[in-house]
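Visitor: I have a model open and would like to walk through it with you. Could we begin with the strands and then turn to the domains?

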Amino acid sequence: MMMAAEERSVSSETTGETLELRDIVKHYPRPGQGRIQVLDEVDLDVESGAFVSLLGPSGCGKTTLMNVISGLVEPTEGTMRRGGRDVTPNDLSLGYIFQEPRLLDWKTVAGNIEFALEARDVPESEWDERVTRYLEMVNLDTEGDNYPTRLSGGMKQRVAIARALAIEPEIILMDEPFSSLDEITARDLRQELLDIWQREQKTILFVTHDINEAVFLSDYLYMMNSNGKMFARRNIGIDRPRQYDDPEIAQREAELYREFHEHVVE
């Protein structure tokens, strides 16, 4: 079973280096009709410590690309490099947060985090400290004995974030984690995520189809079209901390929307 937070071991030789994907291609056979192209020679650089977003329409291959990085999907062609050498997903320290929290309803909040720690062979002597620390980080320090079925959608996603952080990965992959939440809750969680990212100095690769979300969160973003091709990398260029009502946010969003619309909307 794939957990909502999965970590892999990391080599000290690759820590702190830019993760470079080059010419990533993924296609699937279509019986009697050739093949379905999902990713078309994609290049992507994820700089250490950066907040990077993948922006594209639904079905463009964003999630497939994340799954290539995590090892859930094997690319048809292409390479992944870090620190000047080829790497595989097993060489990376990764946490993965999906669109849905994917919590185990029969386990407590603390039990869900402990489940991930056990799966990653974290010594049991460290569990209590990690559970306490990361639940406090997402403002759920009083919910450890509660069950997921009694939590709101936003609280469940906070647990998923705490679970990913608890395994202490270097890179966190986030696949539209706030898309199913109401906008007020999503805004709160975005700000909390930025606070955690800056404090913990993680690298985040974040999938979204929301330009405003990408501008607010990211250092830089990549834009994909409906054919699975990356057509632009753009820096955001707005100082942090950022505010939603900042005119610079609206201006940058409008600029990127025009470019995105030209390449994506027919």
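Visitor: Over how many bridges do S1 and S2 pair?
Guide: Happy to start there, with the note that this is a predicted model. In S2, Gln 37 is the bridge partner of His 27. The hairpin of S1 and S2 has five residues between the strands, where Gly 32 takes a positive phi near 75 degrees. The two strands run antiparallel, and their bridges number eight.

Visitor: Which residue of S4 stands opposite Val 25?
Guide: S1 (residues 19-29) also pairs with S4 (residues 77-82), in the antiparallel sense and over five bridges. For Val 25, the residue opposite is Glu 77.

Visitor: Which strands stand at the edges of the sheet, and why is one side of each left without a neighbour?
Guide: The sheet is open and has four strands in the order S2-S1-S4-S5, with antiparallel pairing. Each edge strand has a single partner strand, so one side of it has no neighbour in the sheet. The edge strands are S2 (35-46) and S5 (85-86).

Visitor: Now the domains: how far apart do the C-alpha centres of domain 1 and domain 2 lie?
Guide: The domain assignment gives domain 1 as 19-92 + 170-265 and domain 2 as 105-168. Their contact takes 14 residues from domain 1 and 12 residues from domain 2. Between the C-alpha centres, the separation is 26 Å.

Visitor: Which three residues supply more than any other three of the area that domain 1 buries against domain 2?
Guide: Together the two domains bury about 1000 Å², with 64% of it on carbon and sulfur atoms. On the side of domain 1, one trio supplies 38% of the buried area. Its members are Glu 192, Ile 196 and Glu 200.

Visitor: Which residue meets Glu 200 in a salt bridge?
Guide: Two salt bridges are found across the interface of domain 1 and domain 2. The one made by the side chain of Glu 200 has an N to O distance of 3.0 Å. The partner is Arg 133.

Visitor: And which element gives the most to the side of domain 1 that touches domain 2?
Guide: Strand S7 (171-175) and helix H5 (183-200) each supply at least two residues of that side. The element that gives the most, with seven residues, is H5.

Technical notes
Residues are numbered from 1 along each chain as its sequence is written. This is a predicted model: local features need pLDDT of at least 70, side-chain atom pairs count only at pLDDT 80 or more; totals for chains, interfaces and linings use all residues. Side-chain values use heavy atoms; hydrogens and water are left out. Domain bounds come from an automatic or database domain assignment. Contact means heavy atoms within 4.5 Å. Buried area is the accessible area (1.4 Å probe) that two parts lose on being put together, summed over both. A salt bridge is a side-chain nitrogen of Lys or Arg within 4 Å of a carboxyl oxygen of Asp or Glu. Two strands pair if DSSP finds at least two bridges between them.
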